[in-house]
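Welcome, and thanks for opening the viewer. Please keep the selection tool ready, and we will go from stop to stop together.

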Amino acid sequence: MPNGENSGILIYAQLTRENYIHTVFFELLDKSKELASKLGGVEINAVIFTTPNLINEFRESFQNMGLDKVYCFENDLFKNYSTEYYSKLIVNLVNYIKPEIFLIGATTQGRDLAPRISSALHTGLTADCTGLDINEKGLLAATRPTFGGELMATILCKTYPQMATVRPGVFRVNSVYDKKDTEFIFPQYSFEGLEDRVKILDFRNSVDSIINELDSAEIIVAGGMGLKNEQGFALLKDFAKSIGATVGATRAAVEAGLAPSSIQIGQTGKTVRPKLYIACGISGAIQHIVGMENSEHIIAINNDKNAPIFEIADTGIVGDFFEIIPKYLETKGE
Amino acid sequence: MKIALCVKQVPDTNDIKWTENNTLQREGVESILNPFDAYAAEFALDIKDKLKNTEITVFTMGPNQAQDMLRKLLALGCDNAVLISDRKFAGADTYATGKTIAQAIKTLLPDFDLIICGQFAVDGDTAQTGPCIASFLDIAQVTYVKELVNIDNKSIEVTRELDDGTERVKVTYPVLLCKLQDDFEPSRPLINGIKEALKKEIRICDLNCLGLEPENVGLKGSPTYVSKAFRNISNHNAQKYELSTEESVKLLDEKIKSVEVKNA
């Protein structure tokens with residue numbers, strides 16, 4: 001039962017290194033609106049860390065998203081993420097504002113930060129959820145895959161706040177715009193007793209563009225080891241281009257050097273949910289499936305009729321990619 | 001240099017079997033060293049190669065059968081092994097597990113410099129226990145560690161592989177590291193040999209040894225609990241077609257067009 005003391009939802013608003021609000025924040029916000037209404041219209045608040053020169057910009061960005069309050073920690077030191085500073089300042093904030101639910105994106109940063117906070121608050125944290133709901137007792141029911149995606153578990157938390165991390169791409173964003181007077185609050189804080197001994201020496205960007213195209217793609221064509229070699233992936237790219245699709249790959253294909261890791265889809269890569277997913281030469285290991293099974297329609301092309309991918313493909317085409325796709329391109333070229 | 005290496009024995013997720021009622025079959029499933037922890041061990045042993053007087057103590061929490069895994073790590077060159085084991089520890093979530101392991105390290109290796117964990121365990125895949133241990137010990141943490149760049153008796157420099165790129169960081173001890181996989185298989189010879197490893201004593205540490213209360217460990221001490229577990233079954237209506245190339249092309253074209261039309 002809700003304890004009566006904790007109320008409202010808090011969301012961690014992660015910024016990218018380029019100071020954009022991370023897409024996962026909007027996904028969590030959208031889901032929070034659904035959860036807040038099931039809880040009888042509780043507040044939805046956000047917490048953000050930024051440098052002083054960007055305050056006004058963010059004040060504007062956070063308007064009309066449907067947030068009640070944005071708690072903003074500002075300091076030149078917050079140019080880079082710091083486990084020590086962020087976790088301890090958030091712990092103090094949470095002890096003060098007492099939310100009942102606290103959501104964090106399951107990015108590498110979020111997964112570094114969240115367990116640090118939950119342990120210090122002596123509360124529970126459910127990692128990498130694929131479903132969030134409010135149960136009949138008003139508690140957060142967090143569902144997540146375990147055992148490599150074979151088993152789903154719905155987890156409840158006995159303590160407050162009930163914390164969960166959710167991967168980017170798991171929830172949809174219906175609309176960001178939502179008129180509301182959002183209050184911007186600068187909590188008092190001090191660095192007393194805080195020391196960050198982790199020094200960042202340098203950073204090498206590995207993502208081609210700031211926003212990964214897979215996040216917003218309506219059609220994705222993905223290749224696996226059945227594409228055999230670079231020629232196979234070149235053909236996949238031609239196919240993608242002809243239908244305006246974005247290219248993805250399995251972990252095996254990435255590890256074989258056929259595709260960059262930024263386009264890897266699956267448990268250790270990206271989670272996607274396009275309108276159409278075309279799996280080419282992908283056998284369908286569970287680790288890949290958990291990253292794409294929420295696609296609206298799945299087509300699989302594979303010459304092994306026993307491949308597990310056919311168990312989850314809406315349209316399974318048993319056949320040779322190297323025959324079907326050139327023929328398809330030829331037909332389209334007419 | 002004193003290293004605490006934290007490892008976990010996990011069921012082989014490539015060997016999952018289901019009962020008729022769609023529950024996980026636990027019997028007859030092989031237990032293995034969590035693959036990420038094998039890389040953590042490799043990392044610790046690499047440090048031992050580089051820095052003289054490095055002593056590695058392996059900690060694991062689990063049932064008695066985890067001793068076999070500890071013996072193998074001793075044979076690989078780890079120096080001491082601790083099995084944190086008590087029936088009261090069963091059912092612990094990441095919070096209770098982190099608290100118990102942190103307490104074991106505090107009790108048995110209070111002067112540690114480094115704690116090394118695997119980034120994920122393949123069964124739970126939460127990536128939380130490492131940071132939980134660091135939080136309970138109130139020490140720095142560096143997650144998603146890929147490569148060792150430099151190490152001396154005061155600090156360690158490593159690369160981290162993150163969502164958006166590679167970061168190089170330097171940190172002074174004490175610190176907890178969570179290690180990702182390497183691009184190669186761990187392949188160390190059993191330098192101490194199985195025979196030597198069998199002679200070593202594995203320290204068994206129970207609830208009394210840690211001085212924790214029963215309500216602070218295991219299922220009782222866990223803020224989270226599983227209310228429901230079920231098999232992940234797809235909601236896609238699998239239809240399989242074995243057609244000629246021409247017919248396959250036609251089908252593919254129709255399906256792509258139907259999506260395009262819906263979006264138009």
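Begin in chain B and select B:Lys179 and B:Asp182, whose side chains meet in a salt bridge with 2.7 Å from N to O. Please keep in mind throughout that this is a predicted model. Now colour by accessibility: B:Lys179 counts as buried at 1% relative accessibility, and B:Asp182 is buried too, with a relative accessible area of 15%. Both values count as buried because the cut-off is under 20% relative accessible area.

Is B:Lys48 buried or partly exposed? With a relative accessible area of 26%, B:Lys48 is partly exposed.

Next, move to chain A and pick A:Lys33 and A:Asp178, a salt bridge of 3.3 Å from N to O. Here, too, distant parts of the chain are linked: A:Lys33 lies in helix α1 (residues 23-38) of chain A, and A:Asp178 in the loop between β9 (162-166) and β10 (183-185) of chain A, 145 residues apart. A:Asp178 is partly exposed, at 29% relative accessible area.

For a view with both chains, select A:Arg17, A:Asp112, B:Arg160, B:Asp164 and B:Glu167. These residues are linked in a network of salt bridges. How many salt bridges does the structure hold over all chains? The total is 31.

**The cysteines**

Now show the sulfur atoms. How many disulfides are there over all chains? There is one, and B:Cys205 and B:Cys209 form it, with their sulfur atoms 2.3 Å apart. Look along the S-S bond: the angle about it is -75 degrees, and the link of B:Cys205 and B:Cys209 is left-handed. The two partners can be coloured by accessibility as well: B:Cys205 is buried at 0% relative accessible area, whereas B:Cys209 is partly exposed at 25%.

In chain A, select A:Cys157, which is in no disulfide; the nearest cysteine sulfur, that of A:Cys129, is 11 Å away. A:Cys157 counts as buried, at 7% relative accessibility.

Then return to chain B for B:Cys6. B:Cys6 is buried, with a relative accessible area of 6%.

**A strand covered on both faces**

Select strand β8 (residues 151-157) of chain A. Seven of its seven residues are buried, so the strand is largely enclosed by the rest of the structure. Turn the view to check each face of β8(A): A:Leu151, A:Ala153, A:Ile155 and A:Cys157 are buried on one side, and A:Met152, A:Thr154 and A:Leu156 are buried on the other.

Zoom in on A:Thr143, which stands opposite A:Thr154 in β8(A). β7(A) and β8(A) form a hairpin with four residues between them, and A:Phe147 in the turn has a positive phi of about 45 degrees.

Which strand of chain B joins β8(A)? Strand β12 (residues 224-231) of chain B does, running antiparallel to β8(A) and joined to it by seven bridges. There, A:Ile155 stands opposite B:Val226 in β12(B).

**Two domains of chain A**

For the last stop, colour chain A by its domain assignment: domain 1 (9-185) and domain 2 (213-333). The C-alpha centres of domain 1 and domain 2 of chain A lie 32 Å apart. The contact takes 10 residues from each of domain 1 and domain 2 of chain A.

Between them, domain 1 and domain 2 of chain A bury about 920 Å², 39% of it on carbon and sulfur atoms. Select A:Gly148, A:Arg167 and A:Arg172: in domain 1 of chain A, these lose the most area to domain 2, together 53% of what that side buries. The count between the two domains is one salt bridge. Finish with A:Arg172 and A:Glu296, whose side chains meet in a salt bridge, 3.5 Å from N to O.

How values were computed
Residues are numbered from 1 along each chain as its sequence is written. Chains are lettered from A and ligands numbered from 1 in the order in which they are written. This is a predicted model: local features need pLDDT of at least 70, side-chain atom pairs count only at pLDDT 80 or more; totals for chains, interfaces and linings use all residues. Side-chain values use heavy atoms; hydrogens and water are left out. A salt bridge is a side-chain nitrogen of Lys or Arg within 4 Å of a carboxyl oxygen of Asp or Glu. Helices (H or I, at least four residues) and strands (E, at least two) are DSSP runs, numbered from the N terminus. Buried means under 20% relative accessible area, exposed over 50%, partly exposed in between (1.4 Å probe, protein chains only). A disulfide is a pair of cysteine sulfur atoms within 2.5 Å. Two strands pair if DSSP finds at least two bridges between them. Domain bounds come from an automatic or database domain assignment. Contact means heavy atoms within 4.5 Å. Buried area is the accessible area (1.4 Å probe) that two parts lose on being put together, summed over both.
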